[in-house]
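Dear colleague,

Please find the structure below, followed by a short account of what was found in it.

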Amino acid sequence: MKRSLPGIILEELADFLEKCGAASYRAKQITDWIYKKRVASFDAMTDLPNELRGQLAAEFDTPKTVVLRVLGSKDATQKFLFRLRDQNLIESVLIPASPALYGQPSDRRTICVSSQVGCAYGCKFCASGLDGFTRNLDAGEIVQQLIEIEKFCGEEIDNVVFMGMGEPLANLRNVLRAIRIINAPWGLGIGARHITISTSGLAPQIRELANEPTQFRLALSLHGATDEVRGRIMPVNRKYPLKVLLEACDYYVAKKGRLTFEYILIAGINDTDEQARGLAKIARRLSAKINLIPYNTVEGLEWSCPSHTRQEKFQSILRKHGVTATLRREKGHDIAAACGQLRLQTNRAERDGRLSV
Ligand code: SAH
Ligand code: SF4
């Protein structure tokens, strides 16, 4: 199989050019075409000699990741459904402004990208896991989500969060390659501190990330302060119970400085005072800030979101224990946090013959 051009790294291109006997400065010209001018075919790379274009075409593919549907308005959150080259569907979300989302200033555009088609981790509240796992995305398919959305909306993206479909740490090699491209000056040039990986808690990979030199951020989806509560909604907790997970987090924080917690509030499940106190204790141990996310209803799932009063009570207990906790209110963030639903609807509609896209 040919290698995917939108997942290529400058140094790899330089090696390829050397083998072809082409000048090394061409590598930068080619990355400019892919990552800056965003062209999708070799024919469009007009400053390259014809022979080299042919050599590139023989070695590399420029697979199409096509925007299939866009939901939402230009000045609010927009949700993008992509069709991949093998017909699989993935989602990304563009959030225009993100007040206090992961601590960045509010005038920024954040994109929430998928890292896999489906997800194997089957959290009980999540749309992405409902249809199981299909495959990993390659680095090019991750990067293309950004490129295509920037092309579509004509604006640059400032923040990237791996909070779309899939578990990024289960596809670590491709995610790290994509981050390298997103971060590189010859790539998309987005600062590492503006890139956040979110995980459901794969302890060994959290340790691996701790040893990565790039300064991206890590968010841990905790959603439960005891094994009993967490295990009920997140099967991954059986494999990596809190003791194992939090030791990996200790190691991460010692090496990298900090991480953030994501905590979905689900009525009657994890929103009790006792869970809030347990969560405060864990957050203090790791000096972590907490993003509380009111649960976003998923079609076909039984869970619901606690009342505003309950949400605020939960937050106030955390604050009383000296922990910084933000409560997401903006609709867009709820949509972003519940990535996977649009694909689910589309897949189901296609299966039932209700929609042809
Ligand atoms: N697999 C990774 C990243 C993708 S999920 C992870 O679990 O962290 C990104 C975030 O969306 C997670 O915090 C996840 O728990 C949250 N999420 C999933 N379904 C949701 C829903 N219905 N409402 C609110 N947040 C949800
Ligand atoms: Fe997978 Fe994350 Fe959804 Fe859990 S919350 S099923 S890990 S995408």
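How many salt bridges does the structure hold? There are 17 salt bridges, each being a side-chain nitrogen of Lys or Arg within 4 Å of a carboxyl oxygen of Asp or Glu. This is a predicted model, in which local features need pLDDT of at least 70 and side-chain atom pairs count only at pLDDT 80 or more, while totals for chains, interfaces and linings use all residues. Residues are numbered from 1 along each chain as its sequence is written, chains are lettered from A and ligands numbered from 1 in the order in which they are written, and side-chain values use heavy atoms, with hydrogens and water left out.

One of these salt bridges joins Asp138 and Arg85 (3.3 Å, N to O). Both residues belong to a salt-bridge network that also includes Asp86, Arg135 and Glu141.

Another joins Lys313 and Asp273 (3.1 Å, N to O). Lys313 lies in helix α11 and Asp273 in helix α10, 40 residues apart; helices are DSSP runs (H or I, at least four residues), numbered from the N terminus.

Helix α11 covers residues 308-320. Its buried residues (under 20% relative accessible area, 1.4 Å probe, protein chains only) are Gln311, Phe314, Gln315, Ile317 and Leu318. They cover an arc of only 155 degrees around the axis, which puts them on the same side of α11; the arc is that of the directions from the helix axis to the C-beta atoms. On the other side of α11, Thr309, Arg319 and Lys320 are exposed, that is, over 50%.

Yours sincerely

Definitions and conventions: Helix = DSSP H or I, 4+ residues; strand = E, 2+ residues; numbered from the N terminus. Expected span 1.5 Å × (residues − 1).
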